Amino acid sequence: MGEEGRIVQSAEDLTVPLRVPAEAYISPDYARAERDRLWRKVWLQAGRLEDIPEVGDFLTFDIVDDSVIVVRASETEIHAFHNVCPHRGRKLVDTPPGKRNARGHRRSFICGYHGWTFGLDGANTYLEHQEDWQGRLCAGRADLGVVQVDTWGGWIWINLAPDPMPLADYLHPAAGMLDPYGLQNMRPRWRKWVVFECNWKVAMEAFCETYHVSTTHPEFMEFGQFRGWARNQGLHSNIGYDAPKGQEEDSGKLRLGAGEDPRLTTAEMQNFTWANANTNTTRKLVDVANRLKDELPEGTPAAEVSAYWIGTARKEDAERGVIWPTVDPQHTAQAGTAWQIFPNFQIGHAVNNMLCYQARPYGSDPDKCIFEAAVYELWPEGEAPETEWEYTAPADWPPVLQQDFANMAAVQQGMKNVGFRGAQPNPYMERSVASLHMNLAKFMGTGAPEAY
Ligand code: FES
Ligand SMILES: [Fe+2]
């Protein structure tokens, strides 16, 4: 801490210029400490419910040294267990080589070492020569260890702590603000993952602000201004755009192109976004945008173009059974365009699609992470495509994401420079960075942003 530095402890403090020490991004000791102080204490998004629709369907989720099995035990019950055999510690379910996680269907889990067998409720159902233990394998000693699990938004959430705060309390106010978007009804269009050369925080912070858009993604500047805010929301934070007057609906993610003729710039922006990011829009929105020049007269005011574009896409989607929820424009202005769920998950929401990022450590190496992104949308009943997590080398991601990747790798290198004095996030547009570190410091006991 500098001489006049002051450790930040409350959200109000986040409005002033702050310095975030580099320790949290580059220190091996900090990275090792995260396992016990952070990852074993927080609620973590472990997968989607639609990935385990049938009784007996399971998936695994790994975080540093820990691995969890999540299984659908009945139509209404999801269980989670530590992915380790209580006999002599063999990992119970292996991750297939090259896969992000295991996923499959079992009636029971059989350990490959000595054959101990467990039901979908985690209870041991078979072990050879049980009498040799002289009756001591009681009180759950032969059963799988239970992991706390709950669901929200269509996701499965796990917590490795034995008695954590309820998920609903943990997610407040993010869950309530996002509920009107019906995120549980969306299904993936694609999902990609990669092991990347940066700390997980560097990866998450590449997507939690709009300050970088004009420099990193200059192509987007042709389509309008991207001045955006960031707000602290307890453990979490959210970001959004400052809406043009009279276009409050345009403060959401479905944005109009700016410029002389919004009919044309909206189409250009939609086509560009579809081709180069494949996020934040849907085929229907792109198609309707391409018809604006034929269906609206020249000189149509921007607010009318916006209303027609979104209204027409909404109507045509409804005709094919894709019902967008209706969200009040004032709610949209508050909810913004994305929520950073502490510590490592981001939901970029809209009424008909979403883009989600997650980054996890790769072992305890501060310089690496497992980075993943998934794009979801609403589909007609039964028409959602079957998708898997696809390992995708950085050069094969959509071009806009590659622009972000270039920063992520270079930030990880730059922060190690002896001359780097700590990050100085924009107190209005990048407050989510300071928010993350203020909250992290409460778990880690170090690394709090400092006022200067
Ligand atoms: S370690 Fe699993 S049965 Fe022995
Ligand atoms: Fe970006």
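Which residue in β15 is the bridge partner of Trp229? Gly240 is.

## Model and numbering

This is a predicted model: local features need pLDDT of at least 70, side-chain atom pairs count only at pLDDT 80 or more, and totals for chains, interfaces and linings use all residues. Residues are numbered from 1 along each chain as its sequence is written, while chains are lettered from A and ligands numbered from 1 in the order in which they are written.

Helices (H or I, at least four residues) and strands (E, at least two) are DSSP runs, numbered from the N terminus. Two strands pair if DSSP finds at least two bridges between them.

## The sheet

Eight strands make an open sheet with mixed pairing. Their order is β14-β15-β16-β17-β18-β19-β13-β20. The edges are β14 (228-233) and β20 (390-391), each pairing on one side only. β14 and β15 (residues 236-241) are antiparallel and share 6 bridges.

Further along, β17 and β18 run antiparallel with 5 bridges. They form a hairpin with 3 residues between the strands. Ile347 stands opposite Cys356 of β18. β18 and β19 are also joined in the antiparallel sense, by 10 bridges. Here Ala359 faces Phe371 of β19 as its opposite residue. The hairpin of β18 and β19 has 2 residues between the strands, and Gly363 takes a positive phi near 60 degrees there.

## Helices on the sheet

Axes are lines fitted to C-alpha atoms, for helices over the stretch in contact, and angles run from 0 to 180 degrees between N-to-C directions. Two residues are in contact if their C-beta atoms, placed from the backbone, lie within 7 Å.

Helix α2 (residues 28-39) packs on the sheet and touches β18 (353-362) and β19 (365-377). The directions of α2 and β19 make about 55 degrees. Helix α12 (residues 431-444) lies across β14, β15 and β16 (338-341). It runs at about 20 degrees to β14.

## The core

A residue is buried if 20 or more other C-beta atoms lie within 10 Å of its own, exposed if 12 or fewer, and partly exposed in between; C-beta atoms are placed from the backbone. A nonpolar core is a set of buried Ala, Val, Leu, Ile, Met, Phe, Trp, Tyr and Cys residues joined through C-beta atoms within 7 Å.

The largest nonpolar core has 108 residues. Val68, Ile69, Val70, Ile158, Ala203 and Ile347 have the most contacts inside it. β19 gives the largest share of this core, 6 residues. In β18, 9 of the 10 residues are buried.

Ala203 has contacts beyond its neighbours within four places in sequence. They are Phe196, Cys198, Ala359, Cys369, Phe371 and Met408.

## The α8 and α9 pair

Two packed helices are described by the angle between their axes and the distance between the axes. For α8 (residues 283-295) and α9 (residues 302-319), the angle is about 130 degrees and the axes are 9 Å apart. That makes α8 oblique to α9. Angles under 35 degrees count as roughly parallel, over 145 as roughly antiparallel, 65 to 115 as roughly perpendicular and the rest as oblique.

The crossing of α8 and α9 is right-handed. A crossing is left-handed if the near helix is turned anticlockwise from the far one by less than a right angle, and right-handed if clockwise.

## Backbone exceptions

Most residues other than glycine have a negative phi, and most peptide bonds are trans. A cis peptide bond joins His172 to Pro173, with omega about 0 degrees. Pro173 sits in the loop between α3 (167-171) and α4 (174-178). The bond from Phe342 to Pro343 is cis too, with omega near -5 degrees. Pro343 is in the loop between β16 and β17 (345-349).

Gln134 is not a glycine, yet its phi is positive, near 55 degrees. It lies in the loop between β10 (124-126) and β11 (146-152). Asn278, also not a glycine, has a positive phi of about 50 degrees. Its place is the loop between α7 (262-276) and α8.

## Exposed loop residues

Gln134 is exposed because 7 other C-beta atoms lie within 10 Å. Asn278 counts as partly exposed, with 17 C-beta neighbours inside 10 Å. Glu388, in the loop between β19 and β20, is exposed, with 12 other C-beta atoms within 10 Å.
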